[in-house]
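Good morning, and thank you for coming. I would ask you to keep the model open on your screens while I go through a few of its regions.

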Amino acid sequence: MRYAEVLIPLALEGSFHYRLSEELAEKAVVGMRCVVPFGAKRYYTGIIIGLSDKRPNLQISFKEVLLLPDDKPSVTASQLSLWQWLSAYYICTQGEVLRAALPAALLPESRTVIHYNTDFEADSRLSRDEEELLDILESAKERTYTLDALQKAVGKRAIRAFTSLVERGAIRLEEEVKNRYKAKTEAFVRLAEPFRTEEGFASLLDSLHRAPKQSALLLRWAELITEHSLPYSSPIPQRLLAESEPHATVTLSALKKKGIFLSESVTHSVMYSAGGGEYRLWEQPQEEDKAIRSEESSTDSAVSAPLPQKPLSLLYTHDFRRKEKQLLAWTEAVVRSGGQVLYLSPEANKRAGSDTLSTRMAERLGSRLLSYHAFESDAKRVEVWNRLAATEDPCVVLGVRSALFLPFRRLRLIIVDEEQEYLYKQQDPAPRFHTRQVAARLGRLHECPVVLASATPSAEVLHQVRHKACELIAWPDDWVRPRFDLEVIDMGKMRRQRQVGAGDLLSFPLVSAIEETIRQKKMAVILQNRRGFAPYIICSSCGEKLRCIHCDVSLTYHKHSGMLVCHYCGYSRPLPRICPYCKGASGAGGPSSLQPVGYGAERIEEELKRRFPTASILRMDSDMAMSRTKMDEALARLEAKEVDILVGTQLIKGQPYNEHVGLVAVTQLDSILGFPDFRAYERAYQLLYQLMLRSRASRLYVQTNNPGNSFADLLREGDYKAFIGEQLEERQMLFFPPFSRLIRIEFRADEENLAERIASDYAASLAAHLPEQSLSPVLVPPISRLRNAFIRELLLRLPLSFSVSAARNILDTIRTALQTRTQEYKRVRILFDVDPL
């Protein structure tokens with residue numbers, strides 16, 4: 001008997017053992033997917049991480065592996081090693097890592113399906129809800145229902161009726177494993193072997209001179225072959241021949257019966273759908289090789305650095321185009337040598353346009369370029385995964401975070417572009433990893449260099465450069481600081497002197513500067529780093545804010561849609577006219593007591609339209625980015641220089657400006673700097689510094705209520721390295737990263753008192769195992785309730801000499817002790833965030 005050790009995508013410690021039948025035992029290999037039973041009724045798709053002929057030393061009866069869906073492993077040994085490290089470093093289970101690593105379509109799991117028992121006879125009267133449920137199930141016929149679907153059809157009252165009907169035998173439950181991904185196939189025809197030459201084909205046509213329809217169909221086949229410069233042996237989509245005349249299907253069947261055409265099914269690739277077209281199916285790799293080789297002959301004097309050999313390097317340059325050329329030159333060099341490249345960039349998930357990174361890379365790399373990120377379809381993600389798992393073919397994968405988990409077999413270079421970006425940190429769910437950290441580990445596993453690139457590197461990376469842990473790559477002629485005039489506008493003083501009205505959002509100096517910019521046929525870029533119209537709606541009668549019913553946050557008002565939205569859980573509701581707290585309402589025809597307070601990008605846009613009625617104004621934020629059509633239209637307007645004023649959140653930073661920007665303005669600097677985080681100044685500096693570098697604007701206007709803040713002076717100097725130097729000195733003095741290691745422990749419970757109590761017990765047990773002053777008191781976070789869960793936090797600030805593995809052992813020991821001591825512990829979720837951002 002053979003046994004498989006299986007990793008299941010659940011937040012459970014350890015792995016699980018299963019028996020293998022004789023048939024599956026011969027086929028099973030470490031790294032393969034398998035479908036296994038788990039618990040009383042559920043089924044999950046897991047990964048085999050070990051095989052043994054020896055019975056595991058466990059006093060249990062082993063269940064059997066039900067199915068091995070694939071013929072080859074889906075996961076490599078280096079991936080399994082990476083998962084173990086991720087689980088250990090980021091204090092989570094390997095099952096959670098598996099859930100994050102594989103595309104969801106490769107991890108189908110069972111769902112409970114409800115069926116109506118046609119033999120059921122009621123022995124007593126049914127309730128109205130029970131009758132309604134049975135009517136729905138009886139009329140479903142071939143359709144299957146889940147409990148969630150029934151709840152949507154009937155409402156929450158379905159649960160009680162559902163339970164009663166199960167007990168009475170009126171309905172039965174079954175577990176069904178439904179595969180979310182099914183490869184699309186298409187019928188192709190191929191000319192039989194004897195006719196695959198010009199002579200053979202000509203002879204074939206002569207033999208069919210009495211079958212004009214068959215001859216015409218063969219001539220149509222020849223036209224397609226000639227049109228696409230394909231050899232006689234190439235398969236052709238059957239639909240193209242079937243569309244040639246009304247009865248072509250019958251003619252095609254006759255040619256197949258004669259053995260002239262051979263049928264075959266070809267899997268439809270979606271990897272190149274962005275620009276490849278259907279004839280990608282006919283594989284012409286020689287054209288792609290030619291496209292890559294053609295770059296060898298063209299040399300760019302501005303790009304001269306050799307491919308880095310150190311484990312970790314930083315490409316530090318202010319020239320974004322030069323940086324991209326250098327990264328692509330290294331990428332192409334690796335691909336030409338037969339290697340694979342992982343290229344991570346915040347621009348990877350931008351929709352294709354005429355001037356995006358993916359488009360520029362596709363022009364140079366052709367079908368060697370694969371895209372893999374959260375916005376790709378399930379089918380495309382699975383196809384990319386399966387291709388990498390099956391071959392060592394040279395290619396480049398463009399992604400953001402999830403591409404780190406792909407099954408590379410010949411990885412030779414990892415690039416993390418704009419490494420300082422916040423989106424490289426996975427926030428929820430576990431593992432809460434940082435891409436930069438995982439990329440460095442992946443590079444060590446594959447023994448390949450990792451290149452970080454940025455115009456504004458993070459303080460952590462520049463600290464590594466200082467201590468020779470990261471090689472610096474820079475061009476001597478590239479230390480040119482952005483030159484711009486900075487004007488700080490004191491909004492508090494202007495309001496006190498009545499130079500700005502109570503409801504005005506833009507000062508007179510800024511309005512005048514925008515007018516001048518438009519007259520010069522330049523574009524003004526206005527940054528307001530909050531979306532929506534107003535962050536608060538407050539009742540003028542009782543002073544209450546309208547809040548989310550699930551979270552401890554105010555609802556943001558979106559005037560365009562007339563909705564109040566929670567940006568954390570997604571709850572929304574229309575703006576009411578009457579305050580739900582005091583029930584106060586205005587008089588007949590009078591204004592509502594509910595008034596917007598504060599302002600977001602939507603409100604700035606409205607103010608700009610009032611001030612500049614003839615100007616072309618474009619708002620760009622994540623609300624607009626959700627619509628592909630609107631985003632494409634916005635990018636087209638920018639590229640065509642049809643925009644006078646661009647207003648938006650930090651999304652505007654990476655847009656194509658074409659040296660068309662006259663000024664950049666920040667409407668509310670205090671909201672950017674006021675974020676409760678020791679990295680707030682660094683993030684704000686990176687945002688504004690990059691905006692000035694990318695736009696090449698000559699003027700920067702900053703509106704603030706605190707003009708004496710030192711940040712403005714630091715920004716005016718424009719010396720990014722000196723700024724980071726000062727930040728590092730402050731962090732060293734205050735014992736913040738990179739001079740210490742932070743671990744945030746979060747407690748979530750349905751009751752606030754329970755979260756507080758368990759957090760306090762945990763803190764009391766933890767303090768005895770840690771250095772003095774390493775543990776904070778129990779903290780109430782700024783958002784103390786999220787999705788109906790109350791939250792408390794502990795913050796560990798540990799010396800770098802205190803390893804994460806040692807910290808994990810302590811945290812696990814205390815968790816186990818608390819579990820045995822109190823049953824209440826099971827009602828609290830404890831989450832760990834190592835190196836939080």
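Predicted model: local features only at pLDDT ≥ 70, side-chain atom pairs only at ≥ 80, totals over all residues.

Cys542 lies in the loop that connects β19 (536-539) to β20 (556-558); helices (H or I, at least four residues) and strands (E, at least two) are DSSP runs, numbered from the N terminus. Residues are numbered from 1 along each chain as its sequence is written, and side-chain values use heavy atoms, with hydrogens and water left out.

With a relative accessibility of 34%, Cys542 counts as partly exposed; on this scale buried means under 20% relative accessible area, exposed over 50%, and partly exposed in between, with a 1.4 Å probe and protein chains only. Not counting residues up to four places away in sequence, Cys542 touches Cys579, Tyr581 and Cys582, where contact means heavy atoms within 4.5 Å. Cys582 is located in the loop between β22 (572-574) and β23 (594-597). Cys582 is likewise classed as partly exposed, its relative accessible area being 32%. Its contacts, leaving aside neighbours within four places in sequence, are Cys539, Ser541 and Cys542.

Why do I treat these cysteines together? An unreviewed UniProt entry places the feature "binding site" at Cys539, Cys542, Cys579 and Cys582. These four span 44 residues in sequence, yet no two of their C-alpha atoms are more than 8.6 Å apart, so they gather at one spot. UniProt positions are given in the numbering used here, feature names are shortened, and annotations may be inferred rather than shown by experiment.

The unreviewed UniProt entry also carries the annotation "domain: PriA DNA helicase Cys-rich region (CRR)", covering residues 548-574. Over residues 548-574 the chain is 0% helix and 33% strand, with the end C-alpha atoms 12 Å apart.

I turn now to the aromatic residues. A pair of aromatic rings is described by the distance of the centres and the angle of the planes. Rings of Phe, Tyr and Trp (its six-membered ring) pair if their centres lie within 6.5 Å; planes under 30 degrees apart count as stacked, over 60 as edge-to-face and the rest as tilted. How many aromatic pairs does a search of the whole structure find? The search returns 21. One of them joins Tyr3 and Phe62 edge-to-face, at 5.4 Å centre to centre and with 65° between the planes. This pair links distant parts of the chain, 59 residues apart: Tyr3 belongs to strand β1 (residues 2-7), and Phe62 to the loop between β4 (42-52) and α2 (77-89). Tyr3 is buried at a relative accessible area of 9%, and Phe62 is buried at 8%.

For Trp221 and Phe261, the ring centres are 6.4 Å apart and the planes stand at 55°, so the pair is tilted. Here too distant parts of the chain are linked, with Trp221 in helix α8 (residues 212-227) and Phe261 in strand β9 (residues 261-267), 40 residues apart. Trp221 and Phe261 are both buried. Elsewhere, one aromatic cluster is formed by Tyr681, Tyr685, Tyr689, Phe711, Tyr720 and Phe723.

Tyr720 brings me to Ser458, whose contacts, not counting residues up to four places away in sequence, are Glu419, Gln420, Arg436, Glu682, Gln686 and Tyr720. Ser458 is in the loop between β15 (450-454) and α16 (459-466) and, at 4% relative accessibility, counts as buried.

The charged end of Arg381 sits over the ring of Tyr372, 4.7 Å from its centre. Four strands form an open antiparallel sheet in the order β29-β30-β28-β31; two strands pair if DSSP finds at least two bridges between them. β29 (785-786) and β31 (829-834) stand at the edges, each with a single partner strand, so one side of each is left without a neighbour in the sheet. Helix α27 (residues 804-821) packs on this sheet, touching β28 (741-749), β30 and β31, and its direction makes about 170° with that of β31. Axes are lines fitted to C-alpha atoms, for helices over the stretch in contact, and angles run from 0 to 180 degrees between N-to-C directions.

Note on methods:
Lys NZ or Arg CZ within 6 Å of the ring centre and 35° of its normal.
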